[in-house]
Amino acid sequence: MSDLEKREPVAAAGTDAADRAATETDAIAGAERPVRAPDVLLGLAVVLVLGGLTRYLEINVPKWAADGTFSRVARAVEFPVYAIALGLIGNVVLSSLGLRDRLAAGFRTEFFIKTGVVLLGASVNLKLLVTAAGPAILQALLLITIVFGFTWWFAGRLGIDDKLRALLASAVSICGVSAAIAAAGAVQARREQIAYAASLVILFALPSIFLLPWLADVFGLSDAVAGAWIGGNIDTTAAVAASGALAGEEALQIATIVKTTQNALIGLVAIALTAYFTLRVERIDGAARPGLGEFWARFPKFVLGFIAASVIGTLYLQQVSASTGKEHISLVNDLRTDFLILAFVSIGLEFSVRGLREAGRRPILAFGSAVVVNLVVGLGLSILLFHDFEV
């Protein structure tokens with residue numbers, strides 16, 4: 001049996017650390033199933049075809065509407081809109097044919113978005129990264145503390161299970177599905193609980209992609225404040241990249257830095273949750289304390305790739321002419337866009353209402369309330385910390 005034909009690892013009680021390392025596709029699918037190479041390749045082919053169609057629409061729709069009533073709208077619509085819409089359409093078609101779950105292993109959202117974010121680092125000047133790091137870290141610490149605390153408290157008041165509370169609080173306060181998966185490993189959550197959290201993340205992240213750039217324009221926010229708000233409040237890295245792209249290139253850079261800073265705190269939250277559940281919630285005599293190796297395994301290593309790409313890109317631009325540097329960075333940005341398109345298509349393909357139906361109303365109420373708190377507090381912190389920041 002090949003590696004691809006092995007069953008995917010899941011997050012469940014009683015398994016070791018490797019078995020708890022669920023993927024985003026695992027979390028959304030919510031059920032263990034055999035993964036075969038032909039299905040993976042066919043699922044990947046679907047993503048690539050829809051990604052190619054996204055590029056085609058992005059280039060040609062403005063041309064088709066050039067002389068029409070909707071010409072301005074057509075020019076404003078960018079690749080994230082087409083990619084997610086096509087992914088959702090593909091989701092419906094594949095589901096109606098009974099193929100979606102079988103091909104889901106080829107929808108590599110996590111790989112696509114992390115690769116895209118690392119490539120984005122090449123176009124983020126190191127000076128910008130260092131300058132923005134201070135307010136980004138402060139915003140991340142305050143926002144995570146406030147939103148995590150509110151979600152944990154409110155979900156407890158609603159009588160939600162402690163493990164699901166941890167997943168919801170981590171997802172809404174840090175970075176969505178990735179944080180929920182990290183928290184699941186820390187608290188040994190059940191697989192269906194990961195599916196609940198993942199479905200809620202996607203349900204609220206999709207409208208946020210378009211709502212926050214629009215609100216930022218309505219409120220007259222600067223690029224830095226808009227980017228900080230988007231990066232600090234939208235729950236998935238993919239959705240942050242999509243929303244930041246709609247808000248503009250400068251807003252996208254700040255949004256990515258803020259979200260990357262939050263991502264870097266996943267490890268700290270996982271450590272805290274592991275210790276809390278081991279020492280307080282589970283109350284098992286003689287339970288082993290988490291080791292450094294387990295903490296490192298949960299750290300979002302693509303953050304290091306983003307920083308490394310920024311360092312390499314900054315040093316490279318200092319060694320070549322402005323025209324050469326601009327040309328080469330443009331090529332990297334095109335590649336980055338390709339990976340982000342594939343990620344957004346995969347988000348649409350992976351979306352499922354099954355987890356929402358099984359979760360009931362209480363997790364939805366807790367998560368939705370936390371999203372509102374996140375938006376309000378995040379806007380205040382973004383204005384306070386980034387109002388004088390120049391991209």
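Colleague: Which element gives the largest share of the lining of the second largest cavity?

Modeller: Helix α10 does, with five residues. Keep in mind that this is a predicted model.

Colleague: How is empty space inside a model found in general?

Modeller: Rolling a probe the size of a water molecule over the atoms shows where empty space is left. In this structure there are three cavities of 30 Å³ or more. The second largest cavity has a volume of about 60 Å³.

Colleague: Which residues line the second largest cavity?

Modeller: The lining is made of V201, F204, A205, S208, L212, N233, I234, D235, V371 and L375.

Colleague: How many residues of the lining are nonpolar, polar and charged?

Modeller: Seven residues of the lining are nonpolar, two are polar and one is charged.

Colleague: Helix α19 was named there. At what angle do α8 and α19 pack?

Modeller: The angle between α8 and α19 is about 30°, and their axes are 10 Å apart. Angles under 35 degrees count as roughly parallel, so α8 and α19 are roughly parallel to each other. The crossing in which α8 passes α19 is right-handed.

Colleague: Which residues make the contact?

Modeller: From α8 come L164, L168, A171 and V172, and from α19 come P363, F367, A370, V371 and N374. Sorted by class, the contact of α8 with α19 has eight nonpolar residues, one polar residue and no charged residues.

Colleague: Where is L158 placed?

Modeller: L158 lies in the loop between α7 (126-157) and α8 (162-175).

Colleague: With which residues is L158 in contact, leaving aside its neighbours within four places in sequence?

Modeller: L158 is in contact with R362, L365 and A366. L158 and R362 are 204 residues apart along the chain, and their C-alpha atoms are separated by 6.6 Å.

Colleague: Now another pair of helices. At what angle do the axes of α6 and α17 cross?

Modeller: The axes of α6 (residues 109-121) and α17 (residues 322-350) cross at roughly 155° and come within 8 Å. That makes α6 roughly antiparallel to α17, because angles over 145 degrees count as roughly antiparallel.

Colleague: Is the crossing of α6 and α17 left-handed or right-handed?

Modeller: The crossing of α6 and α17 is left-handed.

Colleague: Which residues of α6 and α17 meet?

Modeller: On the α6 side they are T109, F111, F112, I113, T115, G116, L119 and L120. On the α17 side they are V332, L335, R336, F339, L340, L342, A343, S346, I347 and E350. By class, the contact of α6 with α17 has 12 nonpolar, four polar and two charged residues.

Colleague: What about an angle between those cases? At what angle do α2 and α4 cross?

Modeller: The axes of α2 (residues 37-64) and α4 (residues 79-96) cross at roughly 140° and come within 9 Å. The two helices α2 and α4 are therefore oblique to each other. Their crossing is right-handed.

Colleague: Which residues meet in α2 and α4?

Modeller: V46, L50, L53, T54, L57, E58 and V61 of α2 meet F79, Y82, A83, L86, G87, G90 and L94 of α4. The contact of α2 with α4 has, by class, 10 nonpolar, three polar and one charged residues.

Conventions:
Residues are numbered from 1 along each chain as its sequence is written. This is a predicted model: local features need pLDDT of at least 70, side-chain atom pairs count only at pLDDT 80 or more; totals for chains, interfaces and linings use all residues. Side-chain values use heavy atoms; hydrogens and water are left out. Axes are lines fitted to C-alpha atoms, for helices over the stretch in contact, and angles run from 0 to 180 degrees between N-to-C directions. Helices (H or I, at least four residues) and strands (E, at least two) are DSSP runs, numbered from the N terminus. Angles under 35 degrees count as roughly parallel, over 145 as roughly antiparallel, 65 to 115 as roughly perpendicular and the rest as oblique. A crossing is left-handed if the near helix is turned anticlockwise from the far one by less than a right angle, and right-handed if clockwise. Contact means heavy atoms within 4.5 Å. Ala, Val, Leu, Ile, Met, Phe, Trp, Tyr, Cys and Pro count as nonpolar, Asp, Glu, Lys and Arg as charged, and the others, Gly among them, as polar. On a 1 Å grid over the protein atoms alone, a cavity is a set of points where a 1.4 Å probe fits but cannot get out, and a pocket is an open set with protein on both sides within 12 Å along at least five of seven lines; lining residues have an atom within 4 Å of a point. Grid points are joined across faces, edges and corners, and a volume is the space filled by probe spheres set on the points.
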